[in-house]
Amino acid sequence: MTPPRRRPPHRALPLPPHCPLRRPPHRPLRRPLHRTVAAKAATAAAVLTALCVLAAAGCAGQAPRADGAATEPILLASGSDLTSSGIRQSLIKQWNVEHPDHPARIVVLPDEADLQRSQLVGALQSGSGGYDVVNLDVTWTAEFAAGGLIQRWPEPLPADFIASVKNTVVHDGKVWGVPFNTDAALLYYNKEILDKYGFQAPRTWGQLMSVAEDIQDRHAESGYTAQLKEYEGLTVNVMEAIWASGGDLPAEDGNSGRIQEGLNNLKELYRQGMPDDSLTVDETASVTEFSGGKVAFMRNWPFAYNQLADRMPGFADKVVVTGLPGPSVLGGQNLAVTAHAGNPAWARRLIRYLTDRQSERCLLERGFAATRESAYLGNGGQICTRVPAPPDNGTPENGTPENGTPEGGSAGAGSTGAGSAGTGPAGEGRPSAQSALPADKYPLLLASIKRARARPVTPYYAAFTHSVQSTAATMLRNRITGNEAADTLMHRSARTLQGR
Amino acid sequence: MSAPAGGGRRAVAVLIGVSGYARAANEFSRIPAVEQNIKKLEKVLKDPGSGVCSSGKVKTVHNPEHAGVVWERIDAAAARAEDVLLCYYSGHARVDDRYDKLYLSLSDCTPDNLFVNGLAVEDLLKRLEEIRHQCAPLHIVLVLDCCYSGQAVLEAGTEAARAHYWVLASTSATREVSCEPSGEDGCTPFTREFAAVLSDGVPHAPRVTMGALCGRLEDTMRQQRTEVFDPWLIHYKAGPEVVVSHARDVPGDGVSASESPQPALLASLGSRLQALWRLPGVQALPAGILGAATAAKQQLLDGTVPLWRRCVAWLAVVAALGGLAAGVQYGFAGSDTSCPPPLELRVLTSPEIRGAVRTAATAYEESDANQRALRRGDGHASAPDGCRAVHLTVFDAPSDKVGDAFARADTWSGSRVSEDGTDSGDPVGAPPEDGAGVDPADPTDAFDSVHPSNPDTTGQTASGTTSFGSAGATAGGSSAGTAGGTSVATAGGSSAGTGTSAATPGGSADSAKHFIPLNDVGPQPDIWIPDTSAEVALAREATSGSPVVRLGTGTPVAYSPLVLGLPSRTAVQLPGVSVEITWNDLLKAVSGLPDPPRLLRPSPTTSGAGLLHTVGRYLAGDGSLPDTGADTSGGLDTVLAPDVVAAIEQKLSASGFPSGDSTELLDRVAHRAAARPGRRIENLEALVSEKALVDFNRAAEGAPGTGDGGDRCSGFRAAESLTAYYLKGVPALDHPFVPVSWTGADEDRVQRSDAVNRFRAWLLGKDGQSQLAAADYRKARTGGVPPLADHDSALGCSHSGAQPSIPIHAADLTARRLRAVIGAYDKARAPSRVLILLDVSPSMREGRKKAEAEAVVARALEVLGPEDTFGVWAYPKSDTQRTGHRELVPLGTGVKQAREGLRAVEKAELGRTTGTAMYEVLTKALDTMRHAPGKERTEQAILLVTDGGDDREPGDKGQATAAHRFFNRLKDDSAATVPFVVVDVGRPGCGAYELDIISGSSQCLPAKGDVAKELAGKLAVVDTPDPADGRTP
């Protein structure tokens, strides 16, 4: 729709028929390196020294498995693809096709992240398991690095990786892996409900809280849904609440007031702005609640977009997705080589393959948030060609970018450029379940990822998050006040973050 | 890459600032900082040393009143520009939400007329693009420092205003920027940093290009916070590279740690060497080495010294150097006084005790006992004292799955696939889709050839495993129905380990194709705490001689006797009946009641309590179990005779579909009671554990009577509770703590073992036992009989329903006896009939939906026994007939044909164009099940496997009619009830409300990985009506 008519821009003074100029732009002369024998020797010596240092660093603490034969498959231990597209398996399959002498195999870990971590840490600490590559949640890097369970990544990461995401593989100033996929939460809201009561979309947490509580008060709809069940989702929501008040954990000196404010806000929002059963709700249950059309706001990850598009009647007219009014937690997973990997060189090649530009673009198109900026910008018209398109199921493939535009840019929803995959009858009007967000939402997703903040980086994250969950759960069940919870949290987190 | 444009001093800049507004009482505030911004930038751009603009080439525009002024100035600047045109704006701005368009304010604007009188960024972008085009090769850079400036970057990428030049925005499309001046120069934060890069340069670069500037600015701005406290992000859209400043950064200027790990490494190395230096004796070392070398020099080099002395001297030198090297190595490795990450212990429990173990584990983790360092193999401590030594993760799984997992322990870690080694590179660790390695025609050949014959010498396997022991082993498992066969469904694998299924409780056959211990059960446990030692006996048999896993001796940590719970109002009708009673006597007493209650028992296959109750019911009628001698000599044959057992099972209602465990059984009872006036409990006898019964008797959370830390007896309801009757001779649940060790886990074997022992010792100690007592268990350390004054336990409270003074019975149950009981149970239980409705609409093609549906069907078939029957319908019927179904397997097919049934499901063709009409097929299914002939006392259920319900548009008349008819049928009181269990393979699981209503919400399972775990229980937790309600079961 075009904006209403108004005064057109001033179009006086056309430019002169020629623009003045044009000496060719000044190009500085390049001088070739002075090739002396000394220079060559110095270069060679430097290279040799560097290689030695790298080899020594790489050798530190690594004892390859006795049976590290080249024909053993590379074992990649990972939780299953919870999106429907199976893209990770597809990428591995393609690797196997291209590298038949060094095949890879996925070891399917339990679905819950806590159990994945438990198996990986238990197996790697004890030396059983035999995994070569592990898929680690971003909060586990420090524990695995400090515990000697994974090897350092020997080269700096390309600039293409999003900076905040790159930080999740850094521990103690060193790089320990490569970002595989990332995640940042979004705010989904039901425009129909907001319009009904005449509310604007909130821009701050304070506004969101008051709108949600107002709506909840009218008893026809609920205000807000998020993840307050006692698991990592609760830690995530608690950290976001604390950050939204300007506080942080671990608490900086004099910061207890902000933590109290954050926790009190969360408690108030739960009691007065959310449905009663919210203490049992995780990501999936949030989507179920929101898709019923009776909840105004939902905080959830990008995966929810497609779930809603599939399930929610009137989705296209009702649902708006935007950034959280405050920082989101940075989620995601990284790939690392285990300390006792049988063939670390090939393990690293596998990781490079799974995280290169093509793979990241494929991940983005199929339901993950990519870790490379180029994936979002579609530079050079890049689309996923590495793995075959999913079987044609008659619904149009959403999210196809335009081709041939050097600067990329977002395709409007529903546009299908020439040569785009998956054209089909447009009658159904629903986006395919294969892709996550459609391409016109990529800038929003990228911005949210860049803005997202990491949870505390510590080798004792498991103990830390457990203390946050149990304290917050006790507070939400009204057994302690928000202020008491803040004190407990500060005390317990100070302890757990020291490893005690 | 060509050299960037610009350089020299021929750029032209237009700096537009709107710091004040003409109209009085304007809501747009004055922004003095804007004036400072313009001043600063002008200075930097004109700087003689680094600026790219010569004097006279920077045009400032202060407070233009209307857009015309802006266009004029820009055009004039463009006419003068030779290579680069820089355009900058600072002032108020707003986004028109209706169209997602950003408007820059001018001094004549107010917030109300901004979208009419302001400068639309879209127009600005377009005009600049025209200029660029006409004045090629002019390069343009647009910089915006205002609220919501990121919106301009978004607009610059759209069709309408495609910009092939740089657009740099100070913040995101949804963030405001503060108007307050900050810092000494009074500029806004973004412009200050922007100007700083222009004047200071970028590290390691001879001049500043836009790309480098944006990268540097991104890093510095992210350290700051926006008005909502999140990291400050800038946004930009790149164009062809241009030079914007000649400033050079002096080296050594603030390289961040993450860019350059070397300084951090050196720093830490330095600190470690310092720590090393402080160790005793080290400081003497260099002097010592020097002295020794000097003294030895003569000997080393003097040819007259005997050879042996020279060798010794050389060796000494070498040793000294080695010591030095070791010291340096130590310096690299670090002498860390901080705490290492704790040792991870994986604790597998039964579902019932999981909560109590989790609470106890948390208490242990935070206790002082966990702050003493563990011992390593070399005797040294693994960490300083005061560090948390151990971290515990607690998880649970039903007993049949655990038994299956131990039977297949060699594949638990996932690094091995199956014994026949048919791992040929399928990424998910199963043989490839074309079935290489296993004969698809008869997978049982492979199965038998690989595995030893069934250890049960009587040749009888428990519970109908023979017929479909390798139901899943269809190697040709590619879903032939999908287009191009590119479904990522896992192909069949040989069923490794099913030979031991006879030894597992209930002996459920595993479809190897779909059973992955790591995913279906959980991590490889270091500690296993099942309900009863009976499960351990069976697992020990399954793992005897296993090269992979070793089960240690089980030590009971908590007891819970098995009881029969009667509603208190029924109990009062049995005066004179002791609460400690034999089965036979209790049956006699209850049979005298005017309204005999239904007997409910959890599944013996999935629940330890169910298994022991079955043992007790079959074997301990007179109050004591037969001698163990009876097991071998056929002494059990009489008591386990088929007709005897069948008569027993007949009295166990809903025996065809037992519930998962005691807690689940009582949860269902509570759920049904909550729906009745006065929360009246139905007329039943519940065979459960004492703990589950006492938990049931607690008031609902939040209801009056629930204390938190208050009087432990105040938490019980006074009415509508269950009274426990203790059955003599029936063994109690003893919750043995079983250490589990895995071969190959040698890195920390001693530490791990130390950790396990410590936790066990703590659990058996005062603190651990009081934790378990608080969860309504009996303490192991008091032999299962709480002393009178035990303040930890609520068992003795007056309304708990329990009699803690009644002692527990221990019994040594051999695997042989257990298998005999399980076998008899399987033969005797009421047959059940399951109709599976499979959604084959086109959307089932996506991702792993079909594979998950197959796994669900496989699991459902596993639960069936030898007398059970099933059928499979696929819907919609075809692409041309939406409202109908195809019969893949006729109803009434025996479970012996389960393998064929599963294959038919795998081969079922998915539709191409037509979605489902669900209500019609549901109605037909309901009618068929209600009216089709079946054996007397057959239990029935309909299993609906779908990804989303009905595909017709909401409001479709046909759908509304069909739905209406179906729901009426469902409520029809006069007809037999057939419960539905729904498994939703769509995302999110159970997101469609109609599925909830059909199934009654607790019967809808989202098909995540653990659905198979729950399905056995859910298929059984049916909403069987209470006869007292007047409906026939």
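Student: In which sense do strand E19 of chain B and E22(B) pair, and over how many bridges?

Tutor: Strands here are DSSP runs (E, at least two residues), as helices are (H or I, at least four), numbered from the N terminus. Two strands pair if DSSP finds at least two bridges between them. Strand E19 (residues 580–581) of chain B pairs with E22(B) in the parallel sense, over two bridges. Within that pairing, B:Ile581 has B:Leu727 as its bridge partner in E22(B). This is a predicted model, in which local features need pLDDT of at least 70 and side-chain atom pairs count only at pLDDT 80 or more, while totals for chains, interfaces and linings use all residues. Residues are numbered from 1 along each chain as its sequence is written, and chains are lettered from A and ligands numbered from 1 in the order in which they are written.

Student: How does strand E18 of chain B run relative to E22(B)?

Tutor: Strand E18 (residues 562–567) of chain B and E22(B) run antiparallel, joined by five bridges. B:Leu564 stands opposite B:Tyr725 of E22(B).

Student: How many residues of strand E22 of chain B are buried?

Tutor: A residue is buried if 20 or more other C-beta atoms lie within 10 Å of its own, exposed if 12 or fewer, and partly exposed in between, with C-beta atoms placed from the backbone. In strand E22 (residues 722–727) of chain B, six of the six residues are buried, so the strand is largely enclosed by the rest of the structure. B:Leu722, B:Ala724 and B:Tyr726 point one way, and B:Thr723, B:Tyr725 and B:Leu727 the other way.

Student: How is the packing of helix H24 and helix H25 of chain B to be read?

Tutor: Two packed helices are described by the angle between their axes and the distance between the axes. Axes are lines fitted to C-alpha atoms, for helices over the stretch in contact, and angles run from 0 to 180 degrees between N-to-C directions. The axes of helix H24 (residues 749–764) and helix H25 (residues 766–774) of chain B come within 4 Å and cross at roughly 65 degrees. B:Trp762, B:Leu763 and B:Leu764 of H24(B) make the contact with B:Asp767, B:Gly768 and B:Gln769 of H25(B); contact requires C-beta atoms, placed from the backbone, within 7 Å.

Student: Which backbone feature marks B:Asp776?

Tutor: B:Asp776 has a positive phi near 75 degrees, although the residue is not glycine. B:Asp776 lies in the loop between H25 and strand E24 (778–779) of chain B, and is buried, with 24 other C-beta atoms within 10 Å.

Notes: Two residues are in contact if their C-beta atoms, placed from the backbone, lie within 7 Å.
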